[in-house]
Amino acid sequence: MSVKIFLKIEGMHCQSCEKLIGESLSELPGIRESKMDYPSGTGEIEIDNDPGDNVILGIISEAGYRAEIIKKEILEPFSDQAATLNKKTVPADSPFKIKVESVTEAEGSFGSGEGRSGFKGKVKHRKTGEFEVPEGRDDINKAVDNLLHSSNLNQLFGVFSGESRAETKANAMSAKMEVIDKPKSVGHQNKDERADFNIEGMHCTSCAGLIEKTLKKVPGVKSASVNFAAEKAKVVYDNSSATSDHLIKAIKKAGYKAELASKNDPEADRGRREKEIKNYFTKFLWSLVLSLPMLYFMLFDFFSFIPGRQIMPYIGIISLLLTIPVQFIIGAGFYKGMWSSLRMKSFNMDSLIAIGTSTAFFYSLAMYLIYATYNQSLIGLGGEKIQQLYFETAAFLITFVTLGKWLEIKAKGRTSDAIKKLIGLKSKTARVVKDGVTKDIDIDEVQLDDIIVVRPGEKIPVDGIIIKGQSAVDESMLTGESIPVEKNVGDSVIGATINKHGSFEFKAVKIGSDTVLSQIIRLIEEAQGSKAPIQAFADKISSWFVPAVLILAVITFIAWFFIFGASLSFALMAFTAVIVIACPCALGLATPTAIMVGTGKGAEYGVLIKGGEPLEAACKVKVVVFDKTGTLTKGKPEVTDVVALSGDEENIIAISAGLEKLSEHPLAEAIVRYAEEESIGFEEAINFKAIPGHGVEAEINNMKYYFGNRKLINDVVRLDTAKIERRMSKLESDGKTVMILSSQTEILGLLAVADTIKESSAEAVKELNKRGLEVYMITGDNRRTAEAIAKQAGISKVLAEVLPEDKANEIKKLQQSGLKVAMVGDGINDAPALAQADLGIAMGSGTDVAMEAGGIVIIKNDLRDVLTAIDLSRETMAKIKQNMFFALFYNVIGIPIAARLFAFAGLVLKPELAGLAMAFSSISVVTNSLLLRGFKPRKKNWLSTLAPFVMAAIFTAVFLLFAKLSKME
Amino acid sequence: MSEIKFRITNLTCEACVKLSIMALKKIPHASNIEVDLTSGLGKVQSSQVIGFCEIEKALESVDKKAIVLN
């Protein structure tokens with residue numbers, strides 16, 4: 001039986017006191033509800049089994065308050081309540097409604113017992129819930145269903161208890177409430193959040209994989225992608241169950257340093273990297289200085305004429321002393337790396353280096369100590385050096401790996417130069433006019449609609465629209481177009497472009513991260529951080545490579561030592577060499593470096609590649625489909641033909657322009673512009689009248705003129721069009737719109753207007769055909785117009801009269817024939833097709849939607865950049881494949897040699913030389929990627945094409961040389 | 001052993017302090033919790049690094065607001 005207890009409490013000052021008491025009481029078994037009210041000094045408790053007054057009062061006094069019980073009420077078990085729930089579907093346009101009613105009825109007597117008065121009897125609760133769900137709103141419907149199914153009634157009503165409480169007070173016996181327009185209270189409020197982190201301390205892709213794994217284990221994390229080359233992690237997580245702090249902690253636990261990437265701080269980024277590069281260089285230098293004497297000692301074995309042989313007996317002790325700092329101070333990072341990966345129950349590259357060098361070091365140390373104790377001498381006896389010491393192996397290995405890392409990190413720094421360049425373009429301040437005062441303010445403080453003044457030679461701070469003045473603006477940093485663009489009032493200007501001459505005022509339209517430049521930077525960053533599908537292959541290899549190598553190394557050792565009875569030192573050196581040569585560091589660099597350079601290069605030429613996926617898609621494309629309007633054509637009608645039937649052409653143009661100047665028809669603009677371009681002066685008309693669906697009429701120099709279509713001439717002017725019919729239909733068959741100029745008595749001339757093809761279109765199509773690509777044109781226009789334009793562009797395959805919503809379907813049809821299709825478009829109506837295609841290429845002049853849907857964005861409006869994109873991606877993918885070859889080639893060839901499988905043929909590889917060879921493979925991968933920097937649109941990058949072969953030859957030679965050197969021992 | 005310092009901005013009486021400490025105690029690995037009523041300064045030591053978000057969340061559950069100090 002449950003009881004309601006009313007209390008009087010002394011000593012409460014604030015809400016904390018209420019909570020504190022509630023908190024203390026919550027430990028009582030069977031407590032259902034406790035409510036304290038500090039202003040009135042009262043409290044109420046509902047509890048299933050009355051534990052006795054002393055228990056309750058005791059708890060409260062322990063919390064620091066004095067209380068006494070005023071009265072008790074006996075309640076019926078809560079589960080007695082009745083509840084009904086209803087869900088109704090209402091018309092789609094009505095709001096989502098929730099109505100919950102709660103009625104409490106009590107029946108009984110007011111009596112007193114045990115000296116206190118109280119209510120005794122039966123209490124009934126009745127609750128109803130009604131949900132009105134708008135038709136077609138499946139999301140709401142689902143949320144309501146979830147709520148009804150997942151929650152029991154208590155919880156369901158608990159959802160609304162916040163609102164109902166106030167009502168309950170006003171009317172204690174029955175409470176009514178209605179929640180209107182609050183779909184949120186049942187919907188999911190969780191939001192996915194994106195966070196970017198800078199990560200320090202990664203040595204190879206295994207580390208990246210490790211961090212990814214760790215991040216994905218954090219509850220709430222939806223996806224995590226770690227880019228080794230960029231040292232960045234991108235995480236999407238549910239912000240209701242994880243925070244960026246959690247993620248950073250998780251990364252830290254895995255043994256790496258992480259911090260939230262602040263996008264506005266390229267300086268700090270650069271500083272950090274420079275520090276890291278310097279750090280590695282110092283390490284390398286020290287390591288080299290300490291190792292060099294040992295190299296000299298090694299030469300004693302090969303050449304007898306080398307002076308200083310008297311030092312021979314001391315070689316052992318000197319090498320030991322020189323190696324200790326290398327192994328344990330400079331090489332400490334490898335131990336740390338191994339430790340952190342061991343904690344995650346995996347092995348990484350560091351583990352390999354640490355195990356390899358430790359084997360060499362401790363084996364040598366043991367040999368040295370045995371020698372020293374056995375002979376009672378710290379130096380070699382009889383003027384000879386102590387045999388079987390391999391301290392130099394450990395020292396050289398660490399030196400070479402450190403050298404490799406230094407080179408690698410330097411290369412990594414250079415690949416992201418493209419972004420740094422872009423960020424550097426941003427201006428720092430803006431000159432804003434506020435309340436009549438002009439003031440320089442920080443660019444971050446600029447607000448929307450601020451009026452900004454730009455002087456000649458200055459950078460335009462944010463995106464906006466010119467409201468006063470005019471100028472020419474150099475937009476080359478965004479479009480690559482070096483000729484300044486004329487800007488007048490009403491034209492838009494883009495942040496980071498440079499104002500040439502003339503000053504103007506403009507209104508800020510896009511600021512902060514919304515500006516075009518910021519968007520581009522974000523796109524490139526995302527692209528460079530993304531992974532190409534081919535990367536999955538590399539990741540997979542490196543994830544099982546390390547354990548496999550360890551097993552192989554152990555097998556090598558066992559085989560040599562136990563089966564073939566080789567000496568311990570021989571077997572151990574083979575073991576160490578296998579471990580070292582197998583490190584697939586280069587494999588981890590293969591994809592990211594090429595993508596970084598490739599996308600960076602693309603950005604330089606106004607081709608934004610949004611990541612590895614479009615890049616890979618672009619090189620496989622076999623069919624290119626162009627949208628017509630705005631893509632192949634200028635998307636802006638132009639006057640193409642002028643036919644004078646009476647008087648000269650100039651006169652026709654002048655009169656037409658004069659009439660159309662006042663018209664708002666889209667074609668009118670083309671005519672007026674044409675007159676201006678041709679510098680034909682025209683007078684403005686008076687008594688202007690537009691006749692919708694026909695044309696216009698107006699007076700110039702007291703002459704009445706008509707300008708419009710056939711209908712205007714036939715119906716309004718009532719002249720016969722028969723004699724111009726032949727010319728008109730000829731023009732019309734070319735896809736042109738023809739307009740007629742007439743006076744009241746005769747037809748004066750014809751003007752044809754058409755959407756003209758871009759100058760670059762035909763060339764782009766030709767080049768694409770040359771590369772063996774099929775080119776299609778897709779348009780909603782009628783077949784005749786479409787074919788006319790297609791012919792000009794040199795396209796033979798035309799998909800005409802395609803409804804906007806069917807564009808994606810047409811693409812699908814092409815794809816079904818098994819071809820990879822690229823779609824090039826600019827409009828909102830192209831977006832589905834862009835998304836459907838294997839590769840979407842959006843024109844930068846197009847709509848934001850199209851740019852969002854496309855995998856590649858072409859900033860300039862030049863179709864030849866489609867070619868640039870395809871060429872660049874083909875070259876980048878080729879680089880990736882070459883890189884993978886380089887990375888795996890050394891490992892695969894190197895392992896058997898290192899395992900001394902070919903020892904009989906004189907091919908062995910000493911561990912330190914294996915270390916150098918491995919460093920070479922990293923260097924060759926990075927160098928190979930960097931050669932992409934020589935990419936120029938429509939030019940063969942010979943250096944980049946030939947280099948892989950040259951490098952492969954050189955490195956094979958070096959490899960064999962190493963094997964030979966190793967043998968000499 | 002790490003330590004995090006913060007300031008609770010809406011303490012009114014000892015109950016608030018007690019409540020805050022109760023809430024902070026629930027953070028895993030938290031030990032040596034101190035909260036001063038007059039200054040609002042709070043300190044939590046822990047064997048593992050605790051993020052400020054955890055402190056914030058714990059205090060939020062008792063309607064207390066905190067700002068981070070170090």
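**Working through the model**

Modeller: Across the interface of chain B and chain A, the rule finds 0 salt bridges, a salt bridge being a side-chain nitrogen of Lys or Arg within 4 Å of a carboxyl oxygen of Asp or Glu. This is a predicted model, in which local features need pLDDT of at least 70, side-chain atom pairs count only at pLDDT 80 or more, and totals for chains, interfaces and linings use all residues, while side-chain values use heavy atoms, with hydrogens and water left out. Residues are numbered from 1 along each chain as its sequence is written, and chains are lettered from A and ligands numbered from 1 in the order in which they are written.

Biologist: OK, how many residues of chain B are in contact with chain A?

Modeller: On the chain B side 17 residues are in contact with 14 residues of chain A, where contact means heavy atoms within 4.5 Å. The two chains bury about 1,200 Å² between them, 59% of it on carbon and sulfur atoms; that buried area is the accessible area (1.4 Å probe) that two parts lose on being put together, summed over both.

Biologist: And what are the ipTM and pTM?

Modeller: The model scores ipTM 0.72 and pTM 0.53. For chain B, the average pLDDT (the predictor's confidence in each residue, from 0 to 100) is 82, and 99% of the residues score at least 70.

Biologist: Where in chain B is confidence lowest, and where highest?

Modeller: It is lowest in helix α2 (residues 52-60) of chain B, at a mean of 81, and highest in strand β3 (residues 41-46) of chain B, at 86. Helices (H or I, at least four residues) and strands (E, at least two) are DSSP runs, numbered from the N terminus.

Biologist: Switching topic: how many disulfides over all chains?

Modeller: A search of the whole structure finds 0, a disulfide being a pair of cysteine sulfur atoms within 2.5 Å. For A:Cys17, the closest cysteine sulfur is in B:Cys13, 3.5 Å away and too far for a bond.

Biologist: Is A:Cys17 buried or exposed?

Modeller: A:Cys17 is buried, with a relative accessible area of 0%, and A:Cys619 also counts as buried, at 17% relative accessibility. The cut-offs are under 20% relative accessible area for buried, over 50% for exposed and partly exposed in between (1.4 Å probe, protein chains only).

Biologist: Back to charges, then: how many salt bridges over all chains?

Modeller: The whole structure has 26. In one of them, A:Glu697 meets A:Lys704 (3.1 Å, N to O); A:Glu697 is buried at 8%, whereas A:Lys704 is partly exposed at 26%.

Biologist: Give me one where the partners sit in two helices.

Modeller: A:Glu732 pairs with A:Arg710, with the closest N and O atoms 3.2 Å apart. A:Glu732 lies in helix α24 (residues 725-733) of chain A and A:Arg710 in helix α23 (residues 710-717) of chain A, so this pair ties together parts that are 22 residues apart in sequence.

Biologist: And where do A:Lys813 and A:Glu810 lie?

Modeller: Both are in helix α27 (residues 807-816) of chain A, 3 residues apart, about one turn of the helix, and their closest N and O atoms are 3.3 Å apart in a salt bridge. A:Lys813 is exposed at 52% relative accessibility, while A:Glu810 is buried at 18%. Elsewhere, salt bridges that share partners join A:Glu767, A:Lys770, A:Arg771 and A:Asp871 into one network.
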